[in-house]
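Trainee: Hey, can we go through this one together? I'd like to ask things as they come up.

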Amino acid sequence: MALFGVPHVLAGVDARLLFAGVFAVLLTASARPLGDVRARPLLVLAASPLVALPMAVGGDDLPVIGLVCMGLALAARGRPGTAGLAVGAAATLKATAWPAPPVCLALCLAPTAARGAARRYAPAAAAVIAAGVPPPALADPSAMAAHVLRFPLGLADVASPADSPLPGHLLAGLGPFGHTLALTALAAAAVAMAASLVVRPPRGPRAAADRLALGLTLATALMPASRWGYLVYPAVLALWARLAAAPRRPAPRPAAASREENDLCRVA
């Protein structure tokens with residue numbers, strides 16, 4: 001939010017316009033590495049109520065989702081270095097994107113990936129994360145830990161005003177035992193997702209997006225401090241994977257041309 005708020009301070013540009021514009025550009029451009037530019041359905045997705053609501057009220061998650069989609073598309077089409085830059089930038093912008101780098105790494109390690117893809121992906125992603133995450137952590141370690149770790153885990157002194165009645169929040173409301181149970185379930189889900197990436201790595205952008213969507217859904221549901229709005233991540237990822245890589249239907253052949261071909265066949 002600080003990064004996208006700079007133009008507002010300098011020129012009065014509403015940060016929501018930047019969130020929406022960057023998201024639309026990234027979402028549309030993410031279809032290019034997949035070999036087919038399907039701009040219309042992706043822009044329809046951007047205009048759907050699923051995205052329009054967070055876009056109108058803030059939308060700071062949307063550029064993060066766009067970068068994740070771009071990273072998965074680039075990794076799936078043999079551009080792991082650029083994919084690492086995109087996914088690393090997403091993870092630097094917001095902690096909700098932290099599950100994306102390991103999923104993208106698993107995609108680069110899949111049997112169908114280009115040889116050496118992981119060796120090109122990992123340094124690029126690590127370099128961006130190393131450049132973006134440590135500075136605020138070094139400037140104020142306690143604030144970084146409070147906002148990024150303790151707050152979503154329900155361990156901060158301040159409760160979230162946007163808490164939603166999701167399973168993790170409901171369990172945490174039962175007291176210390178319920179809070180521990182919620183954290184245990186969250187850790188078990190994280191271990192299970194990590195094991196699935198090792199045992200059965202995703203073999204394409206759709207499989208990777210679905211795996212990441214599943215992991216983010218579990219995290220949103222089980223975090224003690226969570227809200228419905230975070231479900232925009234798995235929803236957009238699942239729909240993007242089906243719209244961006246969907247094959248085009250062949251254009252219908254003109255009737256006149258078909259009659260001419262039939263006539264030629266009869267003559268032959």
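Trainee: How many disulfides are there?

Mentor: The count comes to zero disulfides, where a disulfide is a pair of cysteine sulfur atoms within 2.5 Å. Before we go on, this is a predicted model, so local features need pLDDT of at least 70 and side-chain atom pairs count only at pLDDT 80 or more, while totals for chains, interfaces and linings use all residues. Residues are numbered from 1 along each chain as its sequence is written, and side-chain values use heavy atoms, with hydrogens and water left out.

Trainee: Is Cys108 buried or exposed?

Mentor: Cys108 is buried, with 4% relative accessibility. Buried means under 20% relative accessible area, exposed is over 50%, and partly exposed is in between, using a 1.4 Å probe and protein chains only. Cys69 is buried too, at 0%.

Trainee: New topic: what about helix 5, how far apart are its ends?

Mentor: The end C-alpha atoms of helix 5 (residues 62-76) are 21 Å apart, which agrees with the 21 Å that its 15 residues should span. The expected span is 1.5 Å times one less than the number of residues. Helices here are DSSP runs (H or I, at least four residues), numbered from the N terminus.

Trainee: And how many of the 15 residues of helix 5 are buried?

Mentor: 14 of the 15 are, so helix 5 is largely enclosed by the rest of the structure. Just after helix 5, Gly78 takes a positive phi of about 75°.

Trainee: Which residues of helix 14 are buried?

Mentor: Among them are Tyr233, Leu237 and Trp240. Helix 14 covers residues 232-244 and reaches 17 Å from its first C-alpha to its last, close to the expected 18 Å.

Trainee: Which residues line the largest cavity?

Mentor: The lining includes Ile65, Val68, Leu212, Tyr233 and Leu237. Helix 5, helix 13 (205-222) and helix 14 each supply at least two lining residues.

Trainee: Where does the largest share of the lining of the second largest pocket come from?

Mentor: From helix 4 (residues 49-57), with four residues. That pocket holds about 240 Å³ of space, and 13 residues line it, with Leu53, Pro54, Val57, Arg227 and Gly229 nearest its centre.

Trainee: Last one: how many aromatic pairs are there?

Mentor: One aromatic pair. Phe4 and Phe19 form it, 5.0 Å centre to centre with 45° between the planes, and that counts as tilted. Rings of Phe, Tyr and Trp (its six-membered ring) pair if their centres lie within 6.5 Å; planes under 30 degrees apart are stacked, over 60 edge-to-face, and the rest tilted.

Trainee: Which helices hold Phe4 and Phe19?

Mentor: Phe4 lies in helix 1 (residues 2-11) and Phe19 in helix 2, so the pair ties together parts that are 15 residues apart in sequence. Phe4 and Phe19 are buried.

Note on methods. On a 1 Å grid over the protein atoms alone, a cavity is a set of points where a 1.4 Å probe fits but cannot get out, and a pocket is an open set with protein on both sides within 12 Å along at least five of seven lines; lining residues have an atom within 4 Å of a point. Grid points are joined across faces, edges and corners, and a volume is the space filled by probe spheres set on the points.
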